[in-house]
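Me: I would like to go through this model with you. Please keep the answers plain.

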Amino acid sequence: SPTSPLFGEMAPVIAQHGFVALAIESHRSGWAGHETAALDDELDDLDAWVEYLHSRGVDSIVLAGASMGSLSIGRWQSLRQHPSVIALAHLMPTADGPEWFRAAAGDGPYEQAVADARAAIEAGSGDEYLIDIDIRQPEPSLSRGRFRWTQRAASWLSYWGPDADTRNTAHIANAAVPVLLLSGTADSYNDKARFAQLREAAVRAPSVAEIWYEDVDHGLAGVERDVADDLCDWIDTINEASKANNA
């Protein structure tokens with residue numbers, strides 16, 4: 001979301017490095033968006049924003065997505081293979097959706113939520129019926145925090161159902177451009193083992209870089225400007241490598 005603290009802090013710094021910086025809004029932006037947006041809405045969103053950049057003469061694009069935004073950019077490029085996208089930056093990348101939610105809710109509650117969501121959709125109330133479920137963050141979360149998850153049935157099933165196309169490992173395997181994995185060491189969704197899994201999955205990427213921030217949790221609070229500087233340094237490295245390969 002363009003109003004998120006992370007991208008609100010990052011965008012001006014990125015612009016100061018001389019890049020065009022666009023913090024985009026999507027159907028999923030904000031709480032109402034989280035609760036109602038379907039997974040494929042973000043394909044339409046990114047189609048439109050990339051075309052917006054093209055219409056203004058920008059034809060070399062790095063997509064950066066934080067948390068669920070990591071899935072958004074990775075899945076879009078996996079399916080589109082857009083020639084203008086030169087790199088993908090996954091900031092605090094998400095776990096694989098169906099497996100994470102099952103682990104967070106427990107097998108029984110998860111299966112019940114799937115059944116309820118499917119029944120609501122069959123009854124024609126998928127956009128109104130609310131999935132309302134207690135979850136507890138699974139490992140690698142250090143706090144194992146508990147919270148209540150609410151989301152409309154059709155939206156929930158598209159992101160978290162057993163057949164949902166929300167596995168970051170599957171889409172990162174289709175990345176044919178350089179990839180950045182960036183997180184804090186206290187992140188609730190990532191650790192060294194998860195990054196190793198993503199790195200191993202990225203079989204087509206010409207390079208995979210990692211950046212870690214010590215004792216920083218999900219959201220990257222307090223290091224937003226550092227993240228922007230490091231992201232730009234990484235892009236410069238990619239550009240230099242590209243020039244060398246084309247020399």
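**Backbone, helices and sheet**

Reply: Q81 counts as partly exposed because its relative accessibility is 31% (buried means under 20% relative accessible area, exposed over 50%, partly exposed in between, with a 1.4 Å probe and protein chains only). This is a predicted model, in which local features need pLDDT of at least 70 and side-chain atom pairs count only at pLDDT 80 or more, while totals for chains, interfaces and linings use all residues. Residues are numbered from 1 along each chain as its sequence is written, and side-chain values use heavy atoms, with hydrogens and water left out.

Me: Where is the place of Q81?

Reply: Q81 is in the loop between α4 (68-80) and β2 (85-91); helices (H or I, at least four residues) and strands (E, at least two) are DSSP runs, numbered from the N terminus. Although Q81 is not a glycine, its phi is positive, at about 50 degrees.

Me: And what is phi of R144?

Reply: Phi of R144 is near 50 degrees, a positive value in a residue other than glycine. R144 sits in the loop between β3 and β4 and is partly exposed, with a relative accessible area of 33%.

Me: Which peptide bond is cis?

Reply: The bond from E139 to P140 is cis, with omega near 15 degrees. P140 belongs to the loop between β3 (130-136) and β4 (146-152).

Me: Turning to helices, at what angle do the axes of α3 and α4 cross?

Reply: The axes of α3 (residues 41-55) and α4 cross at roughly 80 degrees and come within 10 Å. The helix α3 is therefore roughly perpendicular to α4 (65 to 115 degrees; under 35 counts as roughly parallel, over 145 as roughly antiparallel and the rest as oblique). Axes are lines fitted to C-alpha atoms, for helices over the stretch in contact, and angles run from 0 to 180 degrees between N-to-C directions.

Me: Which residues in α3 and α4 meet?

Reply: From α3, E42, L43, L46, D47 and V50 meet S72, I73, R75, W76, L79 and R80 of α4, where contact means heavy atoms within 4.5 Å. By class, this contact of α3 with α4 has six nonpolar, one polar and four charged residues.

Me: Now the sheet: in what order do the four strands come?

Reply: The open sheet has the order β1-β2-β5-β6, with parallel pairing; two strands pair if DSSP finds at least two bridges between them. Its edge strands, β1 (61-66) and β6 (208-213), each pair on one side only.

Me: How many bridges join β5 to β6?

Reply: Six bridges join β5 (residues 179-184) to β6. V179 stands opposite V208 in β6.

Terms used
Ala, Val, Leu, Ile, Met, Phe, Trp, Tyr, Cys and Pro count as nonpolar, Asp, Glu, Lys and Arg as charged, and the others, Gly among them, as polar.
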